[in-house]
Amino acid sequence: MFKRILFFYIDGFKNLSDLGRKLWVIIIIKLVVIFVVIKAFFFPTLSSKIQSKAAQQELYIQQLTKITTTTKKEE
């Protein structure tokens, strides 16, 4: 099933015109920029801001206990 779907898309991509291929390349490049580059610069993780291991562990414990206590209150 998946093999047929994969070959369907591969065959469709092979039969695209030059303009269609260029447009798909532009779309793929834009998606890479959106998901990789922008996320890395504008949405850093909290653990990357904290340098020491002890502070990271404390942050994780606080976040995990905060999540579990808020979900219990909602139930």
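1. Basis. This is a predicted model, in which local features need pLDDT of at least 70, side-chain atom pairs count only at pLDDT 80 or more, and totals for chains, interfaces and linings use all residues. Residues are numbered from 1 along each chain as its sequence is written, and side-chain values use heavy atoms, with hydrogens and water left out.

2. Fold. The protein has four helices and zero strands. Along the sequence the pattern reads α-α-α-α. Helices (H or I, at least four residues) and strands (E, at least two) are DSSP runs, numbered from the N terminus.

3. Surface. Of the 75 residues, 4% count as buried. Buried means under 20% relative accessible area, exposed over 50%, and partly exposed in between (1.4 Å probe, protein chains only). The accessible surface of the protein is about 7,400 Å². Carbon and sulfur atoms hold 70% of that surface. The areas come from the Shrake-Rupley method with a 1.4 Å probe; for residues, only the protein chains shown count as cover.

4. Annotated segment. An unreviewed UniProt entry places a "transmembrane region" at residues 23–43. Such annotations may be inferred rather than shown by experiment; positions follow the numbering used here, and feature names are shortened. In the model, residues 23–43 are 95% helix and 0% strand. The end C-alpha atoms of this stretch lie 28 Å apart.

5. Helix α2. This helix covers residues 18–42, 25 residues in total. At 1.5 Å a residue it should span 36 Å, and its end C-alpha atoms are 35 Å apart, which agrees. The expected span is 1.5 Å times one less than the number of residues. Helix α2 also bends by about 30 degrees at Val33. The bend is the angle between axes fitted to the seven residues ending there and the seven starting there.

6. Phe13. This residue sits in helix α1 (residues 2–14). Phe13 is partly exposed, at 40% relative accessible area. Leaving out residues up to four places away in sequence, Phe13 touches Arg21 and Trp24. Contact means heavy atoms within 4.5 Å. Phe13 and Trp24 are 11 residues apart along the chain, and their C-alpha atoms are separated by 9.2 Å.

7. Aromatic pair. The count is one pair. Rings of Phe, Tyr and Trp (its six-membered ring) pair if their centres lie within 6.5 Å; planes under 30 degrees apart count as stacked, over 60 as edge-to-face and the rest as tilted. The ring centres of Phe8 and Tyr9 are 5.4 Å apart and the planes are at 80 degrees, so the pair is edge-to-face. Phe8 and Tyr9 are both exposed.
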